[in-house]
Amino acid sequence: MFPIKLWPVRALTSTSLAQQWMVVRSLSFGASRLAKKAEQAADEELAAEDLPVTFVDDDAESTQEREARIAALRNKSGLLTAHRNMLHDVLPYDQSQSWIHETVKYKRMMLGRYGIDGSRVDPRVCFPTKKEAFEKKEYERVAFPFGLKQMMDENEAARKARKAAVEAREADVARKLEKLDQWTSDLNARIAKKEAEARAAKERKDRLVEEVRRHFGFKVDPRDERFQEMLAQKEREDRKKVKEAKRKEKEEKMMEKLQKKTAELEAEIDVPIEKTK
């Protein structure tokens with residue numbers, strides 16, 4: 001028995017003697033219970049020391065329980081059963097733990113990884129059913145309607161078409177590069193022509209303005225109505241002159257062409273006559 005040390009209870013004026021006695025009694029009862037538990041623990045330790053280490057009551061547990069207890073004692077890694085099985089290349093779960101374990105994909109994976117005996121899966125799940133085979137065949141018929149030979153021929157034709165398009169493009173670029181100098185010179189000529197026409201138009205405008213001023217004989221504001229009317233009249237007369245000059249130039253060109261054509265025809269007629277002579 002452990003010695004019990006009771007703390008002195010200080011008398012209080014606000015508590016009665018009965019209450020003080022209840023407090024002392026509860027403390028004594030708790031100390032006695034602690035002493036009994038200590039004695040029981042000591043007796044159990046002595047009994048365990050007297051028994052041999054290998055002593056097991058075979059009648060108290062079955063062989064399966066014994067094997068499970070030994071396996072649990074051997075598992076020093078602290079891993080879960082599924083993880084430990086995977087580490088030792090064994091099927092993780094003896095029974096399905098989720099709906100995923102009942103899918104065909106999972107069963108096929110377990111069969112491929114652990115084999116027929118290790119996975120405990122019917123190998124027939126690896127083969128498609130009649131419905132699955134029909135659906136796959138129908139899908140391939142719709143998605144890939146052409147045969148292999150036909151697809152190869154189409155691929156070859158498309159490759160030749162792309163090659164021909166590239167070659168045609170390269171030939172067109174080379175042909176245009178040959179004409180680049182001519183195009184550049186033509187562009188410069190057109191630009192020079194437009195600039196010359198712009199200068200000529202400006203000179204003609206200045207000339208008409210000067211003629212209108214000489215017509216009035218004094219300085220007139222270009223915004224004046226009389227000035228604008230006279231300038232419009234001069235422009236019409238000038239356009240008529242330009243048009244007439246162009247018409248005459250065109251007639252002269254036509255006459256030259258006709259004369260040239262006539263001379264060629266006469267030359268063609270004279271040659272057979274000389275041959276007949």
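User: Where does Asp89 lie?

Analyst: This is a predicted model, by the way. Asp89 lies in the loop between helix H3 (81-87) and helix H4 (104-119).

User: Why is Asp89 called exposed?

Analyst: The cut-off for exposed is over 50% relative accessible area. Asp89 comes in at 54%, so Asp89 counts as exposed.

User: What makes the phi of Asp89 worth a look?

Analyst: Phi there is positive, about 60°, although Asp89 is not a glycine. Most residues other than glycine have a negative phi. Arg120 is another case: a positive phi of about 55°, and not a glycine either. Arg120 sits in the loop between H4 and helix H5 (130-143).

User: How do you know whether Arg120 is buried or exposed?

Analyst: Buried means under 20% and exposed means over 50%. Arg120 has 53% relative accessibility, so Arg120 goes down as exposed.

User: And Leu180, why is that one called partly exposed?

Analyst: Partly exposed covers what falls between those two cut-offs, under 20% and over 50%. Leu180, in helix H7, has a relative accessible area of 42%, so the label is partly exposed.

User: What makes up the nonpolar surface patch of about 370 Å²?

Analyst: Leu180 is in it, along with Val173, Leu177 and Trp183. Helix H6 (148-178) and helix H7 (180-216) each give two or more residues to that patch.

User: Which residues form the largest nonpolar core?

Analyst: Six of them: Leu208, Val209, Val212, Phe227, Met230 and Leu231. H7 and helix H8 (225-276) each supply two or more.

Methods:
Residues numbered from 1 in each chain as written. Predicted model: local features only at pLDDT ≥ 70, side-chain atom pairs only at ≥ 80, totals over all residues. Heavy atoms only, no water. Patch = residues over 30% accessible without salt bridge, like charges linked within 9 Å, V, L, I, M, F, W, Y side chains within 5 Å. Areas by Shrake-Rupley, 256 points an atom, 1.4 Å probe, with all protein chains shown as cover. Salt bridge = Lys/Arg side-chain N within 4 Å of Asp/Glu carboxyl O. Helix = DSSP H or I, 4+ residues; strand = E, 2+ residues; numbered from the N terminus. Buried < 20%, exposed > 50% of the residue type's maximum accessible area, 1.4 Å probe, protein only. Core = buried A, V, L, I, M, F, W, Y, C linked by side-chain atoms within 4.5 Å.
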